[in-house]
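Work through the exercises below with the structure in view. Try each task before reading its solution.

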Amino acid sequence: MSELEANPRSTSPGQRAWRRFRSHRPAVVSAWFLLGVVLFVFIFPLFSHYKPDDLSNAQFAPPSADHWLGTDVHGRDALVRLCHGAQISLLVGGVGALICLVIGVVWGAVAGLAGGRMDGLMMRMVDVLYCVPSVILAIVFMAVLEPLVRKWLEALHFPDVPTLARLLVLFLALGAVSWLTMARIVRGQVLSLRTRQFVDASRVIGATPFWILRRHIIPNVLGVVIVYLTLSVPSIVLAESFLSFMGIGIQPPMASWGSLIAEGAEQINPIRIYWWLIIFPGGVLVSTLLALNFLGDGLRDAWDVRNN
């Protein structure tokens with residue numbers, strides 16, 4: 001038996017968390033699965049001789065050796081389209097989660113450390129936003145921000161302004177409606193930390209609130225933040241897929257998982273169902289969301305302070 005196994009308390013909290021995470025098999029399998037998905041969707045299109053917008057006469061071709069996942073209504077290769085849709089959906093989820101991280105951590109940390117009326121005012125604003133469904137709030141943000149973003153991009157002479165503007169607005173809108181729970185979690189952690197002796201000692205020696213946040217508060221809530229950040233990615237991806245399915249999110253010729261499922265649903269008719277246009281995008285979306293949730297559960301169990 002090694003020294004670390006004989007005396008687990010001699011290791012750091014990060015080492016103990018890593019050991020518990022490795023013992024969480026669903027989380028480990030999910031992490032490898034997500035790594036494989038990310039590598040495949042970004043690398044495969046580089047070596048494929050099909051492009052996502054290449055039209056052909058092979059409309060609605062079923063899966064075959066030439067087209068592994070079949071083709072769509074315009075004869076485009078479904079696998080290449082699925083990879084490009086995955087890139088957009090994962091990009092929206094990742095960037096939206098980072099925006100959620102920044103706003104939620106700053107808002108919750110400031111509210112918890114300030115306390116008093118400032119804390120009450122800031123959290124009442126969070127409660128008001130909680131009363132509005134997140135999807136409706138995201139649609140409102142998109143309607144307000146998209147004209148402003150388009151004007152800004154046109155002034156800077158960016159190419160393909162409508163597509164780029166819609167993508168940037170999706171980043172901002174989904175990130176701006178996903179930080180509420182993050183702020184509550186961080187505030188709760190800060191309220192328990194602000195009464196600790198090391199925080200009181202910092203105040204006594206004249207440390208500023210910003211210094212206390214940077215050196216004591218945020219590093220101690222990092223584990224909880226990482227866990228919820230992982231769990232927020234699937235919710236943002238699902239919200240983007242829903243908006244794209246409704247025709248509000250990603251617009252053609254770009255693709256996302258939601259828009260691909262919507263395109264497949266449009267081809268359902270009493271005569272024939274082109275099943276590959278729905279099964280494959282839907283299956284990849286569901287499996288990726290499940291993997292992200294399993295990964296978040298594993299990180300949550302690994303960083304649980306009751307196990308330290």
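The model is predicted: local features need pLDDT of at least 70, side-chain atom pairs count only at pLDDT 80 or more, and totals for chains, interfaces and linings use all residues. Residues are numbered from 1 along each chain as its sequence is written, and side-chain values use heavy atoms, with hydrogens and water left out.

**Exercise 1.** Find which helix has the lowest mean pLDDT and which the highest.

Solution. pLDDT is the predictor's confidence in each residue, from 0 to 100. Helices are DSSP runs of H or I with at least four residues, numbered from the N terminus. Over residues 1-6, pLDDT stays under 50. Where pLDDT is low, the predicted coordinates should not be read in detail.

**Exercise 2.** Compare the span of H11 with the expected span.

Solution. The expected span is 1.5 Å times one less than the number of residues. Just after H11, Gly247 takes a positive phi of about 85°.

**Exercise 3.** Decide whether Ser241 is buried or exposed.

Solution. Ser241 is found in H11 (residues 222-245). Buried means under 20% relative accessible area, exposed over 50%, partly exposed in between (1.4 Å probe, protein chains only). Ser241 is buried because its relative accessible area is 4%.

**Exercise 4.** Do likewise for Thr181.

Solution. Thr181 lies in helix H8 (residues 180-193). Thr181 is partly exposed, because its relative accessible area is 27%.

Methods: Helices (H or I, at least four residues) and strands (E, at least two) are DSSP runs, numbered from the N terminus. Contact means heavy atoms within 4.5 Å.
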